[in-house]
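Reader: I would like the terms used for this model set against their cut-offs. Please take them one at a time.

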Amino acid sequence: MLNSNVFYHGLIRKTIVAFGSLFSDIYIDRKQGDSVNGTTVQRLQVPVSYAPKEKWLVRIDQQPDLDGPTTMVTLPRMSFEIIGYVYDSARKATRLQKITTTDPANPSNMSSVYTPVPYNLDISLYVITKTQEDGIQIIEQILPSFTPEYTLQVDMVPEMGITMPVPVILNSVSVIDEYDGAFQDRRYVTHTLNFEMKLNLYGPVSGQGIITKVDANIGENKDF
């Protein structure tokens, strides 16, 4: 067995939730007249969820009516998903070292965990809109925050008091404009943003008492 001590810190889940929260307050404005200086007649919040983009594209294509209510609900929309996990040897630390902490309520109790294992999470964020203008509005609210890195503070192991910064690096941005086809076909614009998150994965937390007394038998001094 890899480990007889069953544990789960929820580190990957916490990281994904923190990633999604970065894009939870993005809005687009519908304006009358000029798209930049015109009068705002409607402001829409762009929903974000954890799902592959193919799920939303299939749902869009299932609605043949271009003016149907499903189109208004579905687009614009953002979704994201984990693409892969890559071990980061550049951040490797000695595995024999431990992080220790004591319980403030009971100082005689001490907990420890081995140094974490560094992994990089590859995540793709998809911005799906009906028009290029909507997509540009969303992208302009995202890109200035990444230069190309944005750092999140994530509470990794609460019982150990471990809170770590998690860098979020924007690696690339691509766009696909599906405008080919017949007039009755739905057009949608997809921006794909590829991110890398530098995550540390911790093992099980072990508890042990603090050594407060030591008995040592030194023995007699002898001449050799």
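Author: Glu196 is placed in strand β10; strands (E, at least two residues) and helices (H or I, at least four) are DSSP runs numbered from the N terminus. This is a predicted model: local features need pLDDT of at least 70, side-chain atom pairs count only at pLDDT 80 or more, and totals for chains, interfaces and linings use all residues. Residues are numbered from 1 along each chain as its sequence is written, and side-chain values use heavy atoms, with hydrogens and water left out.

Reader: Why is Glu196 called buried?

Author: Buried means under 20% relative accessible area, exposed over 50%, and partly exposed in between (1.4 Å probe, protein chains only). Glu196 has 18%, so Glu196 is buried.

Reader: Which residues is Glu196 in contact with, leaving aside neighbours within four places in sequence?

Author: Contact means heavy atoms within 4.5 Å. The partners of Glu196 are Asn120, Leu121, Asp122, Pro167, Val168, Ile169 and Asn171.

Reader: What makes a set of residues a nonpolar core?

Author: The members are buried Ala, Val, Leu, Ile, Met, Phe, Trp, Tyr and Cys residues joined through side-chain atoms within 4.5 Å. The largest such core has 34 residues, and Phe19 and Phe195 are among those touching the most other members. Elements that each supply at least two of its residues include α1 (11-21) and β10 (188-201).

Reader: How confident is the predictor over residues 69-73?

Author: On the pLDDT scale, the predictor's confidence in each residue from 0 to 100, residues 69-73 stay under 50. The chain averages 81.
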